[in-house]
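This report describes a protein through its computed geometry, beginning with a single residue and widening to the whole chain. Please keep the sequence and the model at hand while reading.

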Amino acid sequence: RHLEKDAAVTGSVETAGLWKKDKGPEEVVDAVLATLTAQGVKQPGVTPSTLRDVVMGKPSEINELSGGIARAGRKLGVATPTHDLILAALLPQELRARGEQ
């Protein structure tokens, strides 16, 4: 929930509310989580590719996903604490997987 909220708030600020004008960040998060929950019911056991990459020690898109949201948040003055934490926790592993550390 916190991940989606960080992304929704950052996206809302960045686009000045031009997308989903009728919905605030909480409503966007609720809609995304409802969609993901419904998909999980249809396909139990399915995991995101980024999770599989991290677990297997392979390069992932963590810098592009959580890192992108964190960078956008800093640029816009929007706090993204959950994405900041995830990026800080997984960046050393990501660098090793890419042979950069």
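## Asp53 and its surroundings

Leaving aside its neighbours within four places in sequence, Asp53 is in contact (heavy atoms within 4.5 Å) with Lys58, Pro59, Ser60 and Glu61. Asp53 itself belongs to helix H3, which covers residues 49–56; helices here are DSSP runs of H or I with at least four residues, strands are runs of E with at least two, and both are numbered from the N terminus.

Asp53 is buried but takes part in no salt bridge, and the nearest side chain of opposite charge, that of Lys58, is 5.4 Å away. Buried means under 20% relative accessible area, exposed means over 50%, and partly exposed lies in between, with a 1.4 Å probe and protein chains only. A salt bridge requires a side-chain nitrogen of Lys or Arg within 4 Å of a carboxyl oxygen of Asp or Glu, and for charge Lys and Arg count as positive and Asp and Glu as negative, while His and the chain ends are not counted.

## Basis of the model

This is a predicted model, in which local features need pLDDT of at least 70 and side-chain atom pairs count only at pLDDT 80 or more, whereas totals for chains, interfaces and linings use all residues. Residues are numbered from 1 along each chain as its sequence is written, and side-chain values use heavy atoms, with hydrogens and water left out.

## The salt bridge

The structure holds 1 salt bridge, in which the side chains of Arg98 and Glu94 meet at 2.6 Å, N to O. Arg98 counts as partly exposed because its relative accessibility is 40%, whereas Glu94, with a relative accessible area of 5%, is buried.

## Helix H5

Glu94 is one of the buried residues of H5, together with His83 and Leu87.

Just after H5, Gly99 adopts a positive phi of about 70 degrees.

## The protein as a whole

The protein has 5 helices and 0 strands, and 23% of its 101 residues count as buried. Among contacts between residues at least 6 apart in sequence, 59% join residues at least 24 apart.
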